[in-house]
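Colleague: I am new to this structure and would enjoy a close look at a single part of it. Could you walk me through one spot in a connected way?

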Amino acid sequence: GAGASGGAIDAIGRQNGQDGYDVIEKWIVQQPWSNGNVALHGHSWGGSTAFMIAATNPPHLKAVAASGLFDDIYRDI
């Protein structure tokens, strides 16, 4: 949960990557407009999330372009 949901965000939790894997493999590639090749891009939070998703190795993920990432989680967050 985030925003007005009253939930909590785990910024570097494993669930972020797994959720992204599921979105790619169980939803995006099954849409009629999808050709099955997925790319992710993002800056800051979006870039970090893209890396977390890539680490789960979704078969249809072909590219990641991420920027504005933190290099030291302990000191940066």
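This is a predicted model: local features need pLDDT of at least 70, side-chain atom pairs count only at pLDDT 80 or more; totals for chains, interfaces and linings use all residues.

Colleague: Let us take Trp27: in which loop is Trp27 found?

Modeller: Trp27 sits in the loop that runs between α1 (14-26) and β1 (38-43). With a relative accessible area of 46%, Trp27 is partly exposed, because that class covers the values between 20% and 50%. Trp33 has a relative accessible area of 56% and therefore counts as exposed, as the cut-off for that class is over 50%.

These two residues also belong together in another way. Searching the whole structure turns up 1 aromatic pair. That pair is made by Trp27 and Trp33, whose rings are 5.9 Å apart from centre to centre, with 65° between their planes. The arrangement is edge-to-face, since an angle over 60 degrees is described that way.

The largest nonpolar core has 8 residues in all, including Ile24, Ile28 and Val29. Val38, Leu40, Ala50, Ile53 and Leu61 are part of this core as well. The elements giving two or more residues to the core are β1 and α2 (45-54). Within this set, Ala50 touches Leu40, and Ala50 also touches Val64, leaving aside residues up to four places away in sequence.

Terms used:
Residues are numbered from 1 along each chain as its sequence is written. Side-chain values use heavy atoms; hydrogens and water are left out. Helices (H or I, at least four residues) and strands (E, at least two) are DSSP runs, numbered from the N terminus. Buried means under 20% relative accessible area, exposed over 50%, partly exposed in between (1.4 Å probe, protein chains only). Rings of Phe, Tyr and Trp (its six-membered ring) pair if their centres lie within 6.5 Å; planes under 30 degrees apart count as stacked, over 60 as edge-to-face and the rest as tilted. A nonpolar core is a set of buried Ala, Val, Leu, Ile, Met, Phe, Trp, Tyr and Cys residues joined through side-chain atoms within 4.5 Å. Contact means heavy atoms within 4.5 Å.
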